Amino acid sequence: MKKKYKWGILAPGKMSAKFTRALELLDNVELYAVGSRDLQRAKEFAEEFGFQKAYGSYEELAADNEVDIIYIASPHSFHYEHTMLCLRNNKAVLCEKAFALNSREAEEMIKEATAKKVFLMEALWPPFQPIYLKTKEILTGGAPGKLLHLDARFAFQAPFIPADRKYNLSLGGGSLLDIGIYSVIDALYFMGVPSDVTAKAQFTETGSEVSISIIFSYKDGRMATLYSSFRTAAGIGCDLLCENGNLYFTRERDMSQRLTVAMNGAEKQEYSLLPDGMGYQFEAMEVMKCLDEGKIQSEIVPLSFTRDLMKTLDRIRAAAGIVYPGRD
Ligand SMILES: NC(=O)c1ccc[n+]([C@@H]2O[C@H](COP(=O)([O-])OP(=O)(O)OC[C@H]3O[C@@H](n4cnc5c(N)ncnc54)[C@H](OP(=O)(O)O)[C@@H]3O)[C@@H](O)[C@H]2O)c1
């Protein structure tokens, strides 16, 4: 019989609600505990989704011996502190993106998990999605030929509210770590780590970056152009321009996905999908599968990918002048 895992939710905000709806789809999940900075909020979330326990602090959640896995969805600037708390309590961790504010913090988190032999994974949505997998399958199948250029964007209009985590530097504000990270993931996943990174950003009066344009170049002449913004409604998409044709994928805010394959001289092929649970259940399934197999990291989102991602984000921030005071 499949082992059931007791999940704990750390920081019951908007993302935790979406993730819990995905957990509800899985039969080897026990909705066990919620930890909030505020006991009343923890109780309300626990009641809404049917968790057994509610704690008024993250420390109590991490200390509960019954908890197997903790999902961390606090603002990015707390991922380091909260992941370390959970790892030190020997809890398997699935931590939201951005994994940390910089790669130094990420290295310490990885070091702690490795030393304690505890499972750790960044909660990256794209590598599990059918459209992403289909794109990879088509590219590796060879028909498109060499991928020459990737152009990716993630932008929506968000009102300027200085205290909001999108704009508040102390909460890791800025479009790059919040949404631009997905375009960076597209480039790393399909093209690898660039040899050169240039970037320019626009800033708000809180000092947070609101729009950024990035160019990656590779030793063999390939390039990627990436853009994220809270100012424009450019949407979410990635164009993969290849020798023999192009692949275009997009997604909507509800996580519905569409892939168009346009090979030179051939009819266009379209794939579209809206996964149940907005596709978040695949990450949870991967964590539990790894634990079933006694693994301390995932082969789909290995810690080496997270390390490359964090180092690349550091390079982009250095090029664009994005600084988190006291955290670089
Ligand atoms: N994978 C995805 O598709 C996706 C989508 C959206 C967001 N995310 C990630 O999920 C994380 C949370 O995003 P969200 O949109 O859920 O944010 P949110 O609604 O603001 O929730 C964040 C939660 O963190 C807790 N928190 C702890 N310290 C805080 C502080 N100083 N200020 C504000 N909140 C604090 C709060 O819960 P308590 O006070 O109750 O403990 C709050 O509810 C971010 O890292 C974001 O990048 C991922």
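Me: What is the mean pLDDT of the protein, and which element has the highest mean value?
Reply: In this predicted model, 100% of the residues reach a pLDDT of 70 or more, and the mean for the protein is 97. Among the elements, strand β14 (residues 269-273) has the lowest mean, 94. The highest mean, 99, belongs to β4.

Me: How many of the residues of strand β5 are buried?
Reply: Strand β5 covers residues 92-96. Ala 92, Leu 94 and Glu 96 point one way from β5, while Val 93 and Cys 95 point the other way. In a regular strand the side chains alternate between the two faces of the sheet. Residues pointing either way from β5 are buried, and the number is five of five.

Me: Which residue stands opposite Leu 94 in the pairing of β4 with β5?
Reply: Strand β4 (residues 69-72) runs parallel to β5, and four bridges join the two strands. Within β5, the residue concerned is Leu 94, and the residue opposite is Tyr 71.

Me: Through which helix does the chain cross from β4 to β5, and what is the hand of this crossover?
Reply: β4 and β5 run parallel. Between these strands the chain passes through helix α4 (residues 79-88).

Me: Which residue of β6 stands opposite Leu 94?
Reply: Strand β6 (residues 120-123) pairs with β5 in the parallel sense, over four bridges. Together with helix α5 (residues 103-116), β5 and β6 make a right-handed β-α-β unit. In β6, the residue opposite Leu 94 is Met 121.

Me: Where is the cis peptide bond that involves Ala 98?
Reply: Most residues other than glycine have a negative phi, and most peptide bonds are trans. Ala 98 is found in the loop between β5 and α5. Omega is about -15° for the cis bond, which joins Ala 98 with Lys 97.

Me: Is Ala 11, with its positive phi, buried or exposed?
Reply: The phi of Ala 11 is near 80°, a positive value in a residue other than glycine. Ala 11 is placed in the loop between β1 (5-10) and α1 (14-23). Because its relative accessibility is 8%, under the 20% limit, Ala 11 counts as buried.

Me: Which residue has a side chain joined to that of Asp 178 by a polar contact of 2.8 Å?
Reply: Asp 178 is found in helix α7 (residues 175-191). With 6% relative accessibility, Asp 178 counts as buried. The polar contact of 2.8 Å joins its side chain to that of Arg 165.

Me: What distance separates the C-alpha atoms of Leu 176 and Asp 254?
Reply: Leu 176 is placed in helix α7 and is buried, with a relative accessible area of 1%. Along the chain, Leu 176 and Asp 254 are 78 residues apart. Their C-alpha atoms are separated by 20 Å.

Me: Which residue in the turn between β13 and β14 has a positive phi of about 75°?
Reply: Strand β13 (residues 257-263) runs antiparallel to β14, and five bridges join them. In this pairing, Leu 259 has Tyr 271 in β14 as its bridge partner. The two strands form a hairpin with five residues between them, and the turn residue with this phi is Gly 265.

Me: What share of the exposed area of the ligand does the protein bury?
Reply: There are 23 residues around the ligand, and among those that come nearest are Ser 36, Arg 37 and Tyr 280. A polar side-chain atom of Tyr 280 lies 2.6 Å from an oxygen atom of the ligand, and an N or O atom in the side chain of Glu 96 is 3.0 Å from a ligand nitrogen atom. Taken alone, the ligand exposes 900 Å², and the share buried by the protein is 85%.

Definitions and conventions: Residues numbered from 1 in each chain as written. Heavy atoms only, no water. Buried < 20%, exposed > 50% of the residue type's maximum accessible area, 1.4 Å probe, protein only. Pairing = 2+ DSSP bridges. Right-handed = clockwise from strand over helix to strand, strands pointing away. pLDDT = per-residue confidence, 0-100. Near = heavy atom within 4 Å. Polar contact = N/O pair within 3.5 Å; in protein donor to acceptor, adjacent residues only side chain to side chain. Areas by Shrake-Rupley, 256 points an atom, 1.4 Å probe, with all protein chains shown as cover.
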